[in-house]
Amino acid sequence: MAVVCASIQGVWTRLSGTAENLSASERMGLPGHCRLCRAWGIGAWCAACDARFRSAAHRCVRCALVLPANDPAAPAPRVCGPCLRRPPPWSVAVCAEDYAFPWDRLIADLKFHDQPEVAQPLAERLAQAVRDALETSDAALPELLVPVPLSARRLRERGYNQAWELARRLGAALGIGADAQLLLRPVDTAHQATLPRAERERNLRGAFMVDPARRSAVDGRRIALVDDVMTTGATLREATLELLRAGAAEVQVWAIARTA
Ligand SMILES: [Zn+2]
Ligand SMILES: [Zn+2]
C-alpha cells in the first residue's frame, strides 16, 4: 500500500504514520469498556450503542446535509435544492453522522483530548458510509486520500493531525493510498469557529497550497479530502479549489460528522 508520510505531519504523528503499522488491537478491537455506556464488550463502543446512535438518514450527495424524509415508496431525491442551484466544487460529500452526541464527544476525544486511537473506529464508521454512499451514486472510489492539513503551529500544539489519523486508517480500510505531503497549509489562519459565517471564506483565501514539487501527484488524479467535521464547508471548499487548480480530475470530501 502506497502510504506516504514523511512530511511534517508524519513527523508529528504520534503513531508510526503508516497504515501497515496500526497495532493489532486497533485493527481487531480488543475486549474493553464501551466508550459510551461503559458496558463490557469488543471494540471502542458496544453493539447496543452502535445500533442506538448509528444514523440511517439520507443525505444530499453533494453537501451531506440530511434530506427531508419523504414517501418511502418514492425514490429519495439525491441532491438538495441549494446544491442544484449552486453546486459545490467537489463531486461528492460523504459524512457518516450528524455532529451530535455521541459523535461530537468522540471527535473531541480524537481532537482535543489527546486520544488519536479513537480515529480507528471512527474511520471504520466513515469507510462504511463511503461504501454505502458510492453504491447509491455514480461516483467511484478515489485513487488517493488527502487529509485537510493543519498549520505548522497548530500541528505543534496538538502533536498530530486528526485528519491524517483518519485518512491513513481510511486508506487501510478501503485499499487507497493516503498522502499528508501534497496539500500544505502555509498560513496560520484564525480559528474558523471564532468567525461569523460570512467571514469564513475570506479568512481561508490562500490558506492551502499544493506542494509545487508534487503537483504531478495531483494532476489527473481522483482525490478525496478527509476531515473530522464538515461545518459550513468553507475549509473543504478552499482546499478543493486548490487541488482542482493543481489539476485534480475530481475531488470528493469525506468527514466523520456534519453540522446541520
Ligand atoms: Zn455501549
Ligand atoms: Zn446539498
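**Note on backbone features of the model**

1. Ala-64 counts as buried because it has 26 C-beta neighbours inside 10 Å. Buried here means that 20 or more other C-beta atoms lie within 10 Å of the residue's own, exposed means 12 or fewer, and partly exposed covers the values in between; the C-beta atoms are placed from the backbone. Phi of Ala-64 is positive, near 70 degrees, and the residue is not a glycine. Ala-64 sits in the loop between helix 3 (47–53) and helix 4 (81–85).

2. This is a predicted model, in which local features need pLDDT of at least 70 and side-chain atom pairs count only at pLDDT 80 or more, while totals for chains, interfaces and linings use all residues. Residues are numbered from 1 along each chain as its sequence is written, with chains lettered from A and ligands numbered from 1 in the order in which they are written.

3. The protein has eleven helices and ten strands. Both are DSSP runs numbered from the N terminus: H or I over at least four residues for helices, E over at least two for strands.

4. Of the protein's 260 residues, 41% are buried. Of contacts between residues at least 6 apart in sequence, 72% join residues at least 24 apart; a contact requires C-beta atoms, placed from the backbone, within 7 Å.

5. Arg-38, also not a glycine, has a positive phi of about 70 degrees. Arg-38 lies in the loop between strand 2 (31–33) and strand 3 (40–42). Arg-38 counts as exposed because it has 10 C-beta neighbours inside 10 Å.

6. The peptide bond from Phe-101 to Pro-102 is cis, with omega near 0 degrees. Pro-102 belongs to the loop between strand 4 (92–98) and helix 5 (103–112).

Technical notes: Two residues are in contact if their C-beta atoms, placed from the backbone, lie within 7 Å.
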